[in-house]
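Here are my notes on the model, as numbered points. Have a look at the structure first, then read on.

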Amino acid sequence: MASTLPGSHHSALIIAEKGAPHSLVSRVTPQPGPGQILIEVKAIALNPVDAFQRDHSALIATYPTVLGSDVAGIVAGVGPDILSSTFKLGSRVAAYASSYFHGSHADYGSFQQFTLVAAEKVTPLPDSLSFCEASILPMSVSVAMSAWWTIDMPRDTKYAPQDKRAMLVWGASTSVGSAAVQTAKSMGFHVYATCSPRHHEYIRGLGADRVFDYQSPNVVSAIVDSIKEDKLSLYQCFLGRGDLETITTILEQVRGDNVARIASAPIVPPDARQVDGVVVTFVQTPADPVEARGYFRWVFNEWLKEKLATGEYVPSPHLKIVGKGLEDVDRALDKLNQGVSGSKLVVEL
Ligand SMILES: NC(=O)c1ccc[n+]([C@@H]2O[C@H](COP(=O)([O-])OP(=O)(O)OC[C@H]3O[C@@H](n4cnc5c(N)ncnc54)[C@H](OP(=O)(O)O)[C@@H]3O)[C@@H](O)[C@H]2O)c1
């Protein structure tokens, strides 16, 4: 069922062929098939991978394609098997809307007015969140949750303060790191975080118990000493951005008899130092399609829906609206390439 008529058109930013720049075109609006939701896009959040794909023709299986990963908007259509009690026409949602999951097919992807998304990557929104705020959720939450899956942490992990378990989130002011702080806190970890001093108060507000300046020459001893002082057990880490060697050095000193696990959002450099008892793994979602569907369903249809409704999870880091309309997406991606600090860039449609 769709509120758009068959054969209607919408504006889309496509890449027509390998190496081509973005061009704004009109394309036929698809109708949702089984398990799918058609979303009228109201806000798009930008991620480094979007700029990387545009600039290097990377991770694109076919052309023409539509890039982009994070949207918030309105349900404009649902597949025949989607329960209207779950996703009503006209309801407000956020979605992990990447064509990467669909062989780069242009019906999917964020940089367009209407996009198709698999229902398990869609989360309903409370009225309290604007579309711009909500658009920054999907990729960051998915990466944080995938990190915990990557290091074999059960999804029902729930520590009590007396369990004395700590999690290190390095690069906590990154988009993905800020989500790691919030999700680790919700599992009951004592969260140790690093970022620039200007973000310390904000990251504490997201749930970090101790925050350190990653640029301090004493950062290693400060963290190691604090772990001892707090009598915590630390052998797991989420890496948003930063120096793998420094983290490895810390974990070597505090892991005790435990095998330390680092979930790295950035690709692990091939020349990274290999250390006995410290395992570094690149964050990915489950490869098996059935497992992946179940995983996304839990993250977006259940966990995030509930945590947004109760206010236990908030969009992070700071939202920065940098454009209005698809025409502004390229300029916004160029801005993202220049670097951001504790903020996520969003284009409103
Ligand atoms: N595996 C995946 O599926 C996946 C998905 C999404 C993203 N990623 C990758 O994850 C990384 C982070 O992406 P993002 O969008 O979250 O990043 P981002 O928000 O663009 O990162 C900006 C932040 O990086 C921090 N930073 C820069 N250098 C640092 C360092 N040496 N140590 C600690 N923090 C540092 C800055 O912190 P301060 O301002 O506090 O200095 C700044 O706030 C990227 O490499 C991205 O490609 C991977």
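1. Some housekeeping. This is a predicted model, where local features need pLDDT of at least 70 and side-chain atom pairs pLDDT 80 or more, while totals for chains, interfaces and linings use all residues. Numbering starts from 1 along each chain as its sequence is written, and side-chain values use heavy atoms, with hydrogens and water left out.

2. Back to the second largest pocket, which holds about 290 Å³ of space. Of its 17 lining residues, Met-145, Pro-154, Arg-155, Met-187 and Trp-298 are the closest to the centre. (A pocket here is an open set of points on a 1 Å grid over the protein atoms alone, where a 1.4 Å probe fits, with protein on both sides within 12 Å along at least five of seven lines; lining residues have an atom within 4 Å of a point.)

3. Where does the largest share of the lining of the second largest pocket come from? Helix α8 gives 5 residues, the largest share, and α3 (138–150), α4 (175–186) and α8 each supply at least two. Helices (H or I, at least four residues) and strands (E, at least two) are DSSP runs, numbered from the N terminus. Domain 1 (9–136 + 286–348) and domain 2 (142–282) each put at least three residues into the lining; those bounds come from an automatic or database domain assignment.

4. Now the rings. Rings of Phe, Tyr and Trp (its six-membered ring) pair if their centres lie within 6.5 Å, with planes under 30 degrees apart called stacked, over 60 edge-to-face and the rest tilted. That rule gives 11 aromatic pairs. Tyr-96 and Phe-101 are edge-to-face, because their planes are at 85°, with centres 5.1 Å apart.

5. Tyr-96 also pairs edge-to-face with Phe-296, at 6.1 Å between centres and 70° between planes. Tyr-96 is in strand β5 (residues 92–96) and Phe-296 in helix α8 (residues 289–310), so this pair ties together parts 200 residues apart in sequence. Ring pairs link both into a cluster with Tyr-100, Phe-101, Tyr-295 and Phe-300.

6. Buried or exposed? Buried means under 20% relative accessible area, exposed over 50%, partly exposed in between (1.4 Å probe, protein chains only). Tyr-96 is buried at 10% and Phe-296 is buried at 3%, whereas Phe-101 is partly exposed at 27%.

7. Finally, charges over rings (NZ of Lys or CZ of Arg within 6 Å of the ring centre and within 35 degrees of the ring normal). Lys-121 lies over the face of Phe-296, 4.7 Å from the ring centre, and Arg-92 over that of Phe-131, at 4.6 Å.

Technical notes
Points joined across faces, edges and corners; volume = space filled by probe spheres on them.
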